[in-house]
Structure formats: structure tokens, C-alpha cells
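Here is a quick, friendly tour for anyone meeting this structure for the first time. Have a look at the picture, then read on.

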Amino acid sequence: MRTPILLSDDTRRKLAFIDEIRLTMRAASPRRHAGRRPRHKLAFIADTLRADTNDCIVWPFGRAGGYGQLRIGDTRIGAHRAVCRLAHGKPPADQPYAAHGCNNKLCINPRHLRWASHAENLRDTYHPPRYDL
């Protein structure tokens, strides 16, 4: 028998948001998403939010422009933006970019992502912050 996992209210809220995305995906095109891939993507995101690592977590699914992509209904969103929103909330008006501190476009580790301004995001391209925890 498995031991139940105790989740914080914040984690439960994030996982409920993932379930909401999953239901939206199914409602938008039930035939297309009748297979297993969307569940795998959402499970991967859920596991990423629970991960306790400082290493890059590379998005293994669809890509565009070097970034991981996730389709929600008819809308495509960067996987890093989805994870950043789940981990850090909505982006502030003055910091609308999901910046990769590790300089790896495919990384979706919440510890490497943060909301940043355009100037901060460009600065990270040339001088990435270090994550030596």
C-alpha cells in the first residue's frame, strides 16, 4: 500500500490549474487529444513542479524556435511560460517575460525561471545568473 503524499494548499492549487488545462484541451478537440500525449505533458509539468533539483529539466515534447511548446485548446504557449506561471504566479505588468537564468531555452525548472523585463531577459543572455545552491 502506498503512503499518501501530503500536499500544501499552494501545490494543490497548481495541480488543479493543470487539471483545468487538461479539461480545456480535451473540450477543444476531443479526438485529437484522445491519446496519451497531453497527459504525459501535464504529468511531466506536475513532476517538474515537485522536483527538488538545481539541474536543468529539459522539455522533451514539441518545440518551436528552440523553446518547448504546449498547446492549450487552439493556443500555443511556451512550456517555460506555463511552468513559470504555475510556479511564480501571473507575470507582473512590468516583467512580462519568462526569463531562463540558465540560458537553456528548453529548460523548465522553476528554479531557473523568473518573470523579468525585456532588458533583464536580454542581459541574462550574455551574463546568466548562477544557480550554485
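What follows covers the sheet, the cysteines and the salt bridges.

## Ground rules

This is a predicted model, where local features need pLDDT of at least 70, side-chain atom pairs count only at pLDDT 80 or more, and totals for chains, interfaces and linings use all residues. Residues are numbered from 1 along each chain as its sequence is written, and side-chain values use heavy atoms, leaving out hydrogens and water.

## The sheet

Three strands make an open sheet in the order 1-2-3, with antiparallel pairing. Strands here are DSSP runs of E, at least two residues, and helices are runs of H or I, at least four residues, both numbered from the N terminus; two strands pair if DSSP finds at least two bridges between them.

Strand 1 (63–64) and strand 3 (75–78) sit at the edges, each pairing on one side only. Strand 1 joins strand 2 (residues 67–72) through two bridges, and Ala-64 has Tyr-67 as its bridge partner in strand 2.

## Cysteines

You'll find zero disulfides in the whole structure (that would take two cysteine sulfur atoms within 2.5 Å). Cys-56 has its closest cysteine sulfur in Cys-102, but at 3.6 Å that is too far for a bond.

## Salt bridges

There are two salt bridges, meaning a side-chain nitrogen of Lys or Arg within 4 Å of a carboxyl oxygen of Asp or Glu. In one, Arg-50 meets Asp-47, with the closest N and O atoms 3.4 Å apart; both belong to helix 2 (residues 37–50), three residues apart, or about one turn of the helix.

In another, Asp-52 and Arg-111 bring their closest N and O atoms to 2.5 Å. That pair links distant parts of the chain, 59 residues apart.
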